[in-house]
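Subject: A structure for you to look at

Hello! Here is the structure I promised you, and below it are my notes on what turned up. Please open it beside this email as you read.

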Amino acid sequence: LCRGGLAERLCRLQNRERSAISFWRHQCVSDNKILSDKSGVLIVKILEIFEECTIQVAICQQLEQSPVALSPEDAVINAEEPILKVLFTRETAAHLKSRPQDVIHIYPPWQKLLLQNADVPVIMNTYFSQKVLLSEHSEAREKTYGLTKMLIRKNIISLAQTFRLDDLDDNLHQESSDNQVPCAPQTNNNGDSKRHPLAQSAVNDSLLEMVESQGAVGWREVQVRVIIQRVYCLPAKEGYRSHTQGNKPLLSNGGMFCRLCLLVQDAYGMFSEVQLQSLSSTDDIEQYCRRWEGKSCCLAGMKILQRTTRGRALGLFSLIDSLWPPVVPVKVPGQSQDSEMMTTNLPPPSFCYILTVQSGEIHVEVDEEEQISNLYQPPAVHGLKEILRIDGCNKRCSFWAQVFYRRLQTKHSVPTDQREMLLFVTDSSLQNVVHGIPKVVAVSVTASCVLSVEIIEALSAGSRFVFFKDALWGNGRIICVERTVLLLQKPLLCSAAGADLSELTGPVRLDELDSTTQANSVCALRGTVVGVNESTAFSWPTCNRCGNGKLELCPQDRELLYCNQCSEVVTTPVLKMQLEVFLSCPSRSQSTVKVKVWHEITLFVLLTVLLFLQTYEVQSVLGREVGLLNCYVHSVTSHPNCVVLEEIVLL
């Protein structure tokens with residue numbers, strides 16, 4: 001909002017008004033009595049209630065007094081006073097829960113409006129209103145009515161009637177029982193248990209209209225139809241876990257609780273994120289993606305968790321921007337909904353409502369039998385070569401690639417479940433490149449990206465092709481963040497855009513070490529052994545059954561080793577070693593190349609055999625040529641000019 005503008009001043013006024021109303025109601029509840037100050041108080045008895053244009057209209061009779069000893073039915077009515085038409089906003093009506101025969105005290109500053117050609121005055125500004133229970137009989141009646149459902153008549157006023165158009169359709173503004181909606185939650189009826197609870201309520205197609213008309217307290221009377229654009233999981237915060245109340249989480253990401261979320265879009269192009277709660281831990285995120293994405297669903301029983309903007313949620317809006325503009329024309333609020341008036345030339349959304357379900361309510365009804373909506377935008381799949389050429393930052397991208405090596409970032413100050421993981425991937429578009437573009441790409445998986453148990457197990461077992469959906473590209477990096485989904489199968493609906501989705505047939509080829517090699521990358525290495533760092537070489541025994549490298553001395557026999565994982569004595573431990581070898585590489589002739597090698601790796605086996613044959617004479621291995629070795633680059637420094645690598649085994 002413009003600073004000092006009318007909109008900002010109005011917003012501040014509305015905030016002060018809401019605060020004043022909330023404080024006044026809190027004071028009434030705290031005092032637990034009718035306010036003693038009767039100056040200017042309007043006392044009315046409700047005769048009839050109906051709803052018109054989201055405003056509750058009460059036809060009332062003004063009372064001279066409201067004796068505490070009398071019930072509302074016996075209250076004195078002044079026949080000389082005219083009947084009043086009292087207007088209550090949706091929020092005030094929800095607070096009062098008024099019924100016919102109820103007595104209401106309306107406190108200042110209420111206003112009386114006298115209309116031309118109308119005998120009934122209209123009472124407005126009724127925010128400070130209080131329902132009066134005058135006797136024990138009334139309190140008992142209130143408790144009984146609270147368990148039942150009351151229908152309120154809705155007067156539907158068409159635009160044609162409002163603007164007095166000639167072609168007025170009488171069917172548009174007729175009043176019937178079909179337009180009656182419940183004003184209180186309906187209790188369960190065993191006789192109607194087979195019918196869906198949402199079947200009777202009205203269906204809207206505008207998220208914004210629902211938010212504006214229903215407010216933040218929840219959508220109890222109506223539902224809105226939307227299209228599911230994306231299905232993903234978000235890590236649950238600490239506060240969220242206490243609300244699950246025994247429901248098992250859908251997934252666990254290193255012990256982190258997660259919740260299933262939907263990114264939905266309405267017929268006007270507006271987006272909203274729906275955060276669901278109660279899901280079984282056996283449910284599979286991949287199945288939800290296949291079953292729900294592209295289908296229409298009806299939302300009800302929602303409440304607004306947050307209204308977020310582009311500046312507060314860059315990750316969410318980067319996903320929304322990838323789905324904008326819509327593939328088909330959308331409706332425009334305030335315009336005729338004829339097809340020729342629809343347009344896609346609209347600015348991208350600047351805000352988004354985060355919705356969550358209310359406990360115990362029907363919230364999402366997905367029509368899985370329905371065909372894919374025309375509004376749905378499947379992920380556009382690109383080759384890695386094409387992604388590396390994308391300009392700009394914070395661009396969402398989807399690709400199908402082979403994961404051939406993974407590495408957990410070892411930051412000891414960060415808990416294990418919050419560390420990033422590097423996945424090194426490639427595809428046919430990179431493997432077939434001669435020069436100029438790297439043959440492999442590092443994908444950084446942040447702790448906020450939820451990985452399913454199936455993905456983690458598949459990557460632990462070996463090299464796999466993985467579909468990366470809605471990853472983030474920017475500053476030369478591909479990052480898996482919140483709302484990025486990793487799948488083992490390509491989605492049934494995806495826009496390939498000319499990308500080669502074929503799988504690799506031969507082994508993965510790495511770029512050789514050269515002057516462009518950066519830290520935290522992988523490369524192929526060839527060179528000549530020029531030295532071995534004997535001072536840093538060490539060895540340690542490991543369990544021959546489980547590979548545990550932290551063996552202890554056996555309490556019963558101090559000469560034997562004991563494995564805590566197997567709970568057995570280790571009689572034949574496997575000896576593992578580590579060496580640091582210096583190589584001379586033609587591709588980096590001016591750099592000191594130090595390679596850390598481990599037991600059972602190619603270079604280590606070669607050096608060990610030579611050293612054993614020469615009775616551990618280091619001079620016997622100097623000048624030996626090695627390669628090609630697969631290595632992970634730990635660091636690249638210019639002062640001193642040094643490259644530190646570690647020989648690795650690809651998946």
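**A covered strand**

Phe271, Glu273 and Gln275 point one way from strand 13, Ser272 and Val274 point the other way, and all of them are buried. Buried here means under 20% relative accessible area, exposed means over 50%, and partly exposed is in between (1.4 Å probe, protein chains only). Strand 13 covers residues 271-275 and is mostly covered, with 5 of its 5 residues buried. Strands (E, at least two residues) and helices (H or I, at least four) are DSSP runs, numbered from the N terminus.

Before going on, please note that this is a predicted model: local features need pLDDT of at least 70, side-chain atom pairs count only at pLDDT 80 or more, and totals for chains, interfaces and linings use all residues. Residues are numbered from 1 along each chain as its sequence is written, and side-chain values use heavy atoms, leaving out hydrogens and water.

**Its partners**

Strands of a sheet pair through backbone hydrogen bonds, either parallel or antiparallel. Two strands count as paired if DSSP finds at least two bridges between them. Strand 13 pairs with strand 12 (residues 258-265) in the antiparallel sense over 5 bridges, and Gln265 has Phe271 as its bridge partner. These two strands form a hairpin with 5 residues between them, and Gly269 in the turn has a positive phi of about 90°. With strand 16 (residues 351-357), strand 13 pairs in the parallel sense over 4 bridges; there, Gln275 stands opposite Thr356.

Strand 25 is joined to strand 26 (residues 561-563) by 2 bridges, and Glu552 has Tyr562 in strand 26 as its bridge partner.

**Rings and charges**

Rings of Phe, Tyr and Trp (its six-membered ring) pair if their centres lie within 6.5 Å; planes under 30 degrees apart count as stacked, over 60 as edge-to-face and the rest as tilted. By this rule there are 9 aromatic pairs. One of them, Trp24 with Phe128, is edge-to-face, at 5.5 Å centre to centre and 80° between the planes. Trp24 lies in helix 1 (residues 6-31) and Phe128 in the loop between strand 6 (122-124) and strand 7 (129-132), so this pair ties together parts 104 residues apart in sequence.

A charge sits over a ring if NZ of Lys or CZ of Arg is within 6 Å of the ring centre and within 35 degrees of the ring normal. The charged end of Arg407 sits over the ring of Tyr632, 4.1 Å from its centre, and that of Lys490 over the ring of Trp400, 4.3 Å from its centre.

**Cysteines**

How many disulfides are there? The count is 0, where a disulfide is a pair of cysteine sulfur atoms within 2.5 Å. For Cys258, the closest cysteine sulfur is in Cys233, 6.0 Å away, which is too far for a bond. Cys258 is buried, with a relative accessible area of 3%.

Happy exploring!
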